[in-house]
Amino acid sequence: MRGGNLWQLGQSITRRLAQAEKKNVTRRCFASEADLKKTALYDFHVAHGGKMVPFAGWSMPIQYKDSIMDSTLNCRENGSLFDVAHMCGLSLKGKDCIPFLEKLVIADVAGLAPGTGCLTVFTNEKGGAIDDSVITKVTNEHIYVVVNAGCRDKDLAHIEEHMKAFTSKGGDVSWHIHDERSLLALQGPLAAPVLQHLTKEDLSKMYFSDFHVLDINGATCYLTRTGYTGEDGFEISVPSENAVDLAKAILEKSEGKIRLTGLGARDSLRLEAGLCLYGNDMEQHITPIEAGLTWAVGKRRRAEGGFLGADVILKQIESGPSIRRVGIFSSGPPARGHSEIQNDKGENIGEVTSGGFSPCLKKNIAMGYVKSGNHKAGTKLKIVIRGKAYDGAVTKMPFVATKYYKP
């Protein structure tokens with residue numbers, strides 16, 4: 001894909017990220033680039049040709065000197081290093097931190113083994129998704145949580161409100177927001193072999209969703225084997241004063257094969273992996289069941305409930321939701337967010353939430369919500385783009401096979 005099509009891919013991703021940001025930030029007051037927050041790697045990005053754009057109140061690189069297409073392919077073939085320090089890491093501590101968190105999320109936190117984690121969803125009283133998050137049980141009295149940048153303010157306000165009510169009744173839980181740390185995401189086939197050069201710990205014994213505190217390149221880091229691309233990889237929480245040195249070391253040890261990669265390729269990679277972007281594919285009126293995350297509701301939680309919106313969510317598990325998130329292949333131009341989805345009779349059955357051209361598959365892919373009964377793989381449908389209907393079909397996700405490192 002070259003020329004106008006490549007430009008179109010970049011523009012599509014930029015618009016999609018901007019739409020998600022707009023939905024997550026209730027008030028914009030940035031007069032200039034100077035008003036945006038900057039990560040510890042900001043100057044490093046600029047020096048390496050990063051094209052900086054506003055995202056969730058931060059100045060972040062959307063791409064570097066290579067195209068979004070090339071960056072996406074290189075992540076799958078070799079590897080990518082992302083600065084994701086705009087996301088918010090926090091620790092919950094205390095003997096009651098687990099029962100406290102279980103009031104707010106759908107995961108079986110108590111059932112996690114120490115040093116392991118999972119994807120979960122913070123829900124509201126109606127069962128809608130406040131945010132999706134990766135949580136880790138460090139110990140029985142320490143939970144590490146990473147929430148989305150665009151949801152930081154509302155997430156922290158939500159947690160704080162419930163924490164005050166919980167502690168006022170004698171609950172033992174406190175928190176610390178890790179603004180002193182940066183977060184890097186190292187993704188792709190070379191992630192583990194390259195990172196192994198920088199730590200003495202045997203990474204071959206660390207599996208998907210495992211969490212360790214260890215020395216990496218001379219700094220004490222929180223290391224989680226996870227990511228947002230569908231590839232094997234890690235998220236590394238590093239003291240901010242060590243972030244640039246760690247980024248330099250990773251790039252150097254890879255001998256140029258792992259590249260700095262921006263938000264544009266990160267978005268195309270997550271879409272190929274069938275992963276949600278909060279603000280597009282998940283919102284406060286969408287439940288985890290409608291979003292296809294029934295598997296994230298722990299078995300014990302299904303039996304006991306006890307989290308916000310449990311009545312709605314457990315009823316949907318039993319009876320089925322009225323809408324469902326699906327993957328779509330389509331012809332014509334790439335589908336955009338809010339493109340209408342029709343059945344083969346031309347009747348409206350839903351809406352696209354994310355769409356674009358897949359650099360790996362060389363075809364259009366999209367996600368969206370359709371009325372139940374239209375969600376099975378192979379179902380024919382139409383996508384309306386600029387007033388014209390194009391053929392499409394529901395397909396299983398992920399679009400590109402995931403490569404998580406599991407035993």
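This note sets out numbered points on the domains, selected residues and salt bridges of a predicted model.

1. Basis of the values. The model is predicted: local features need pLDDT of at least 70, side-chain atom pairs count only at pLDDT 80 or more, and totals for chains, interfaces and linings use all residues. Residues are numbered from 1 along each chain as its sequence is written, and side-chain values use heavy atoms, with hydrogens and water left out.

2. Domains. The protein chain is divided into domain 1 (41-86 + 180-271) and domain 2 (322-400), with bounds that come from an automatic or database domain assignment. Their C-alpha centres lie 31 Å apart. Seven residues from domain 1 and eleven residues from domain 2 take part in the contact, where contact means heavy atoms within 4.5 Å.

3. Interface. About 720 Å² is buried between domain 1 and domain 2, and carbon and sulfur atoms give 78% of this area. Buried area is the accessible area (1.4 Å probe) that two parts lose on being put together, summed over both. Of the area that domain 1 buries against domain 2, Met 69, Arg 76 and Leu 271 supply 65%, more than any other three residues.

4. Helix α3. On the side of domain 1 that touches domain 2, α3 (68-77) and α8 (263-272) each supply at least two residues. The largest share, four residues, comes from α3. Helices (H or I, at least four residues) and strands (E, at least two) are DSSP runs, numbered from the N terminus. Seven of the ten residues of α3 are buried, so this helix is largely enclosed by the rest of the structure. Buried means under 20% relative accessible area, exposed over 50%, and partly exposed in between (1.4 Å probe, protein chains only). Met 69 and Arg 76 are among the buried residues of α3.

5. Glu 235 lies in strand β12 (residues 233-239) and counts as buried at 10% relative accessibility. Not counting residues up to four places away in sequence, Glu 235 touches residues including Leu 183, Tyr 222 and Thr 224.

6. His 212. This residue is found in strand β10 (residues 211-216) and counts as partly exposed, at 22% relative accessibility. The side chains of His 212 and Glu 201 are joined by a polar contact of 2.3 Å.

7. Salt bridges. The structure holds 13 salt bridges. In one of them, the side chains of Arg 300 and Asp 108 meet at 2.6 Å, N to O. This pair links distant parts of the chain, 192 residues apart: Arg 300 is in helix α9 (residues 299-304), and Asp 108 is in the loop between α4 (97-102) and β5 (116-123). Arg 300 also forms a salt bridge with Glu 304, the closest N and O atoms being 3.1 Å apart. Both residues lie in helix α9, four residues apart, about one turn of the helix. Arg 300 is partly exposed at 25% relative accessibility, whereas Glu 304 is exposed at 55%.

8. Network. Arg 76, Glu 231, Glu 272 and Lys 403 are linked in a network of salt bridges.

How values were computed: Polar contact = N/O pair within 3.5 Å; in protein donor to acceptor, adjacent residues only side chain to side chain. Salt bridge = Lys/Arg side-chain N within 4 Å of Asp/Glu carboxyl O.
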